[in-house]
Amino acid sequence: MKKILVVGSNGQLGNCIKKIAENFENKYEFIFTDSQNLDVTNSEQIQGFFYDNKPDFCINASAYTAVDLAEKEPEKAFAVNAEGVANIAEACAEFGTTLIHVSTDYVFDGETNLDYAEDDFTNPIGVYGQSKLKGEELALDSNPKTIILRTSWLYSEFNKNFVKTMLNLFSQKEELGIVADQFGQPTNANDLAEAIMAIIEASHKTFGIFHFSNYPETTWFEFAKKIAEFSKSNIRLNPLTTEQYPTPAKRPKRSTMSLDKIEEAYKIEPKHWENSLEDCIEILSK
């Protein structure tokens with residue numbers, strides 16, 4: 001039975017993979033780790049773990065994701081998002097493991113009106129994006145059997161995310177200002193988990209960088225409006241400009257990604273973000 005190692009399994013994506021793992025229990029043995037029992041910044045520990053377990057696939061769902069805090073803690077962001085990825089990729093290369101590594105739309109600067117393709121110029125405008133881009137480069141350099149999935153605006157019923165934050169604020173406030181001039185693709189982490197398993201299941205593997213998200217693009221403001229609609233909230237939402245809502249880290253103005261490549265290579269069809277959002281809110285309202 002082939003083994004799938006999931007690194008960072010207590011995050012949103014890791015929890016979503018745990019949810020669907022039982023659907024594959026007759027085909028794969030899943031090994032779930034978190035920072036408590038597998039420190040990605042400790043190369044010796046990683047090597048030892050791979051030697052003991054020899055996974056066929058490694059899903060790296062570990063990441064430093066505090067976008068604003070990364071501006072104050074660049075060394076922590078790079079330790080996990082770059083050096084940690086290199087440690088995993090080097091172990092994957094040594095043991096013939098296929099690495100599926102999750103990255104971000106924040107590797108782009110957002111200064112375009114076109115959808116970003118996988119080979120478009122990267123130019124991250126914050127420490128978080130810079131650390132994630134370095135991780136991509138190190139993974140591809142270290143292990144030829146690497147698949148990188150850039151995703152965006154990830155949410156789920158697990159952990160902290162925009163959807164859960166909005167639902168919490170809706171219950172406390174009568175009105176709320178939301179940024180309306182940043183464009184991206186909200187992505188349900190459950191859909192990302194299913195896409196990863198579809199890639200693992202594929203008989204032919206194409207390695208390299210792929211984009212995966214829900215579609216089409218929207219703004220944080222429109223996203224929040226749909227959250228309010230689906231949760232039947234009476235909150236009054238007001239559109240804000242980026243200038244009206246300054247944050248320590250700059251965000252890309254428009255980081256919409258083309259999804260053609262993953263559809264062609266793996267026959268993975270993205271879902272409409274509104275449908276996936278409705279599914280999530282239905283789970284959260286139970």
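These notes cover selected helices, loops and backbone features of a predicted model.

1. Helix α3 spans residues 74-95, which makes 22 residues. From its first C-alpha to its last it reaches 31 Å, close to the 32 Å expected at 1.5 Å a residue. After α3 comes Gly96, with a positive phi near 70 degrees.

2. The buried residues of α3 are Ala77, Ala79, Asn81, Ala82, Gly84, Val85, Ala86, Asn87, Ile88, Ala89, Ala91 and Cys92.

3. Helix α1 (residues 12-21) packs with helix α6 (residues 189-201): their axes come within 8 Å and cross at roughly 60 degrees. The crossing is right-handed. On the α1 side the contact is made by Gln12, Leu13, Cys16, Ile17, Lys19 and Ile20. On the α6 side it is made by Ala189, Asn190, Leu192, Ala193, Glu194, Ile196 and Met197. By class, the contact has 9 nonpolar, 2 polar and 2 charged residues.

4. Ile268 sits in the loop between α8 (260-266) and α9 (273-284). Its relative accessible area is 8%, under the 20% cut-off, so Ile268 counts as buried. Neighbours within four places in sequence aside, Ile268 is in contact with Ala195, Ala198, Ile199, Phe212, Ile262 and Glu263. Ser103 is 165 residues away from Ile268 in sequence, and the two are 18 Å apart in space, C-alpha to C-alpha.

5. Some backbone geometry deserves a look. Most residues other than glycine have a negative phi, and most peptide bonds are trans. Lys54, in the loop between α2 and β3, has a positive phi near 45 degrees. Trp153, in the loop between β5 (146-151) and β6 (154-155), also has a positive phi, of about 45 degrees, and is not a glycine.

6. Are Lys54 and Trp153 buried or partly exposed? Lys54 has 45% relative accessibility and therefore counts as partly exposed. Trp153, with a relative accessible area of 9%, is buried.

7. The peptide bond from Tyr215 to Pro216 is cis, with omega near -10 degrees. Pro216 belongs to the loop between β10 (208-211) and β11 (218-219).

Conventions
Residues are numbered from 1 along each chain as its sequence is written. This is a predicted model: local features need pLDDT of at least 70, side-chain atom pairs count only at pLDDT 80 or more; totals for chains, interfaces and linings use all residues. Side-chain values use heavy atoms; hydrogens and water are left out. Axes are lines fitted to C-alpha atoms, for helices over the stretch in contact, and angles run from 0 to 180 degrees between N-to-C directions. Helices (H or I, at least four residues) and strands (E, at least two) are DSSP runs, numbered from the N terminus. A crossing is left-handed if the near helix is turned anticlockwise from the far one by less than a right angle, and right-handed if clockwise. Contact means heavy atoms within 4.5 Å. Ala, Val, Leu, Ile, Met, Phe, Trp, Tyr, Cys and Pro count as nonpolar, Asp, Glu, Lys and Arg as charged, and the others, Gly among them, as polar. The expected span of a helix is 1.5 Å times one less than its number of residues. Buried means under 20% relative accessible area, exposed over 50%, partly exposed in between (1.4 Å probe, protein chains only).
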